[in-house]
Amino acid sequence: QVQLVESGGGLVQPGGSLVLSCEASGSIKSINVMGWYRQAPGKQRELVATITSDGGGDYADSVKDRFTIIRYGNTVYLDMRSLKPEDTAVYYCNVRLTTDSLFRDFRDYWGQGTQVTVSS
């Protein structure tokens, strides 16, 4: 009914850049918030960045001034620059949306995750 497809992960050297993308498709009536989370081995999943329907962005302190979240329609991007080894994690897309034509019942949907490895 709703699918989130992520792409763009990979291996990059410290100081390098990557862009992640996540496209939401299916019976979507309205999207509220889109965001990115990450989970490193042995750690809890943490918020990286979110963007609201009016374009307002919020970032974790650890990625401010290095990462930019962008939304075009039902696709959200994470532009990651000056990457550090501590950015290594599986990155998950999260979208809060509704499939209800009356715009009720917003729910969170998750992408499958994409690995980002920062290493020399």
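Trp-110 is partly exposed, with 39% relative accessible area. The model is predicted. Two aromatic pairs turn up in a search of the whole structure. Tyr-37 and Trp-110 make one of them, an edge-to-face pair. Their ring centres are 5.1 Å apart, and the planes stand at 65 degrees. Tyr-37 belongs to strand E4 (residues 30-39) and Trp-110 to strand E10 (residues 107-110), so this pair ties together parts 73 residues apart in sequence. Tyr-37 is also partly exposed, at 22% relative accessibility.

Tyr-72 is exposed, with a relative accessible area of 58%. Tyr-77 counts as partly exposed, at 28%.

| Residue | Relative accessible area | Class |
|---|---|---|
| Tyr-37 | 22% | partly exposed |
| Trp-110 | 39% | partly exposed |
| Tyr-72 | 58% | exposed |
| Tyr-77 | 28% | partly exposed |

**A charge over the rings**

Which rings does Arg-45 lie over? One is Tyr-92: Arg-45 lies over its face, 3.8 Å from the ring centre. Another is Trp-110, where the charged end of Arg-45 sits 4.7 Å from the ring centre.

**Strand E4 and its partners**

E4 pairs with strand E9 (residues 89-98). The two run antiparallel and are joined by nine bridges. Within this pairing, Tyr-37 has Tyr-92 as its bridge partner in E9. Tyr-92 is also a ring that Arg-45 lies over.

E4 pairs with strand E5 (residues 46-52) too. This pairing is antiparallel, over six bridges. Gly-35 has Thr-50 as its bridge partner in E5. E4 and E5 form a hairpin with six residues between the strands. There, Gly-42 takes a positive phi near 75 degrees.

Technical notes:
Residues are numbered from 1 along each chain as its sequence is written. This is a predicted model: local features need pLDDT of at least 70, side-chain atom pairs count only at pLDDT 80 or more; totals for chains, interfaces and linings use all residues. Side-chain values use heavy atoms; hydrogens and water are left out. Rings of Phe, Tyr and Trp (its six-membered ring) pair if their centres lie within 6.5 Å; planes under 30 degrees apart count as stacked, over 60 as edge-to-face and the rest as tilted. Helices (H or I, at least four residues) and strands (E, at least two) are DSSP runs, numbered from the N terminus. Buried means under 20% relative accessible area, exposed over 50%, partly exposed in between (1.4 Å probe, protein chains only). A charge sits over a ring if NZ of Lys or CZ of Arg is within 6 Å of the ring centre and within 35 degrees of the ring normal. Two strands pair if DSSP finds at least two bridges between them.
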